[in-house]
Amino acid sequence: MEYQYWNKHRETMPREELKRLQVERLTWTVANALKTPFYAERLKKIPVDSIQSLDDLRRLPFTTKHDLREGFPYGFLSIPQDNVVRLHASSGTTGTPTTVYFSREDLGRWSQLVARCIFGTGCTKSDVFQNMISYGLFTGGLGFHAGAEEVGMLVIPSGAGNTTRQFRLMQDFGTTVVHATPSFLLHVESKMQEEAIARDSIRLRKAFAGAEPYSEDTRQRIQDLLHIDVYNSYGLSEMNGPGVAFECQAKQGLHLWEDAYIGEIINPDTLEPVPDGEIGELVLTCLCREANPLLRYRTRDLTAFYCEPCVCGRTHRRLHRIKGRTDDMLIINGVNLFPSQIEEVVMAMPEVANNYSIAIEKEGALDRLTVHIEVHAHIFRDDTRPLNALREKIRKTLQALITINPRVELHESGSLAVSEGKAKRVYDNRPKDV
Ligand code: DLL
């Protein structure tokens, strides 16, 4: 396959050269961080001049979401506010939101990174790009918008939701590429069936799907149902937003752009690095952000590095698909469970339609896990045997994998709640300890 690069030199530079660039940018970043009220205090006792290599990075303290909240609103700003041209914020469903700030140059560097991701999937300026994700404080909308414009695509800023209007735009303007959360893409497919939109009335060929975890089976399902090529896209507001790591056409993991970020993977309990290739928490340091530097930020995302070089020729290491977040882990009757383990079973079953959710209740002293799953209409018939057999098959497969005996409830396609942005999959209804 012919791979295309946005910035061939940068993306394929020998690792030794890449590491030298990282060290150069790290020393700049540390000096810049000292200009923020937060790091001026936090790094007081650390001889920052001694940070001269990638190994020295480990002498710096971690930064956590809690720190960002403590520093809200301007504690992490390293330039005068007059030079800040934009802010974004995380959804902040719990507590104070966290904010990120950009100088004009930061915005330029960010859109270059997103353009690199988009171009690396084989898109060109001839593509018509429909950005079906929320604009506003969320970074997904404006972040992809700017990157796609950088590539020169025709950008349709449709935003999330309103599937009927999305189809109309696709048909009117010949959209070839979309960006959405994977759960919204599944919803789009269900709606296409419902509204009887003919596949050949749209020209779609690719999608970028990210902002929430999803399994390989879910990707496959979206690809097969919509007849498109789906690329996994990872990012977080604290590190700009999208454009942190992205799949290339080889689709064997997400290249972390190591000229812009240093990635470490640690054991979240011991805070020590895990051996190469093992799963742990991703820790990121941004290397080319002026307004809002962050050192060793604990993302809480669980992943691992692929150690072998990629066939595409890029030298930037790849991350595994995110398995979940350290704070997503559910403990059910003492057993640890990640929602992604349930998705892996459910989305691999052809009888299952495009949505599911997980509920946990307290029944007496015990926790009760119920998995609600939408299944295709043809399974709901007068004869309830196929439905019962399917329920039992799902229950057994789940139990074998997660060692918990779940209750499985099957629903007709389209009956579970859908979110336009990140899907809400887990409803933990257990009383909270006070
Ligand atoms: O979700 C940025 C983004 C926008 C990424 C559009 C990709 C596409 P936040 O709202 O700050 O930023 O949420 C970041 O979402 O720490 C992960 O837990 C999760 N996440 C993002 N991308 C993926 C992915 C944006 N591809 C948090 N797979 C991150 C799994 C993802 N989880």
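Analyst: This is a predicted model. The largest cavity holds about 80 Å³ of space. In general, rolling a probe the size of a water molecule over the atoms shows where empty space is left. A search of the whole structure gives four cavities of 30 Å³ or more.

User: Which residues lie nearest the centre of the largest cavity?

Analyst: Leu 68, Phe 76, Thr 99, Tyr 101 and Asn 292 do, out of 13 lining residues. Strand β2 (residues 99-103) supplies the largest share of that lining, three residues. Sorted by class, the lining has eight nonpolar, five polar and no charged residues.

User: What is the volume of the second largest cavity, and what lines it?

Analyst: Its volume is about 50 Å³. Its lining includes Asp 106, Arg 109, Trp 110, Cys 286 and Cys 288. Helix α5 (residues 104-119) gives the largest share, four residues. By class, this lining has six nonpolar, one polar and three charged residues.

User: How should I read the sheet with the order β20-β19-β18-β21?

Analyst: Strands of a sheet pair through backbone hydrogen bonds, either parallel or antiparallel. Here the sheet is open, has four strands and shows mixed pairing. β20 (407-412) and β21 (426-428) are the edge strands, each pairing on one side only. Strands β18 (residues 352-363) and β19 (residues 366-375) pair in the antiparallel sense over nine bridges. Lys 362 is opposite Asp 367 in β19.

User: Which strands does helix α10 lie across?

Analyst: Helix α10 (residues 339-346) lies across β18, β19 and β21, at about 140 degrees to β18. Helix α11 (residues 385-402) lies across β18, β19 and β20, at about 135 degrees to β20.

Conventions:
Residues are numbered from 1 along each chain as its sequence is written. This is a predicted model: local features need pLDDT of at least 70, side-chain atom pairs count only at pLDDT 80 or more; totals for chains, interfaces and linings use all residues. Side-chain values use heavy atoms; hydrogens and water are left out. On a 1 Å grid over the protein atoms alone, a cavity is a set of points where a 1.4 Å probe fits but cannot get out, and a pocket is an open set with protein on both sides within 12 Å along at least five of seven lines; lining residues have an atom within 4 Å of a point. Grid points are joined across faces, edges and corners, and a volume is the space filled by probe spheres set on the points. Helices (H or I, at least four residues) and strands (E, at least two) are DSSP runs, numbered from the N terminus. Ala, Val, Leu, Ile, Met, Phe, Trp, Tyr, Cys and Pro count as nonpolar, Asp, Glu, Lys and Arg as charged, and the others, Gly among them, as polar. Two strands pair if DSSP finds at least two bridges between them. Contact means heavy atoms within 4.5 Å. Axes are lines fitted to C-alpha atoms, for helices over the stretch in contact, and angles run from 0 to 180 degrees between N-to-C directions.
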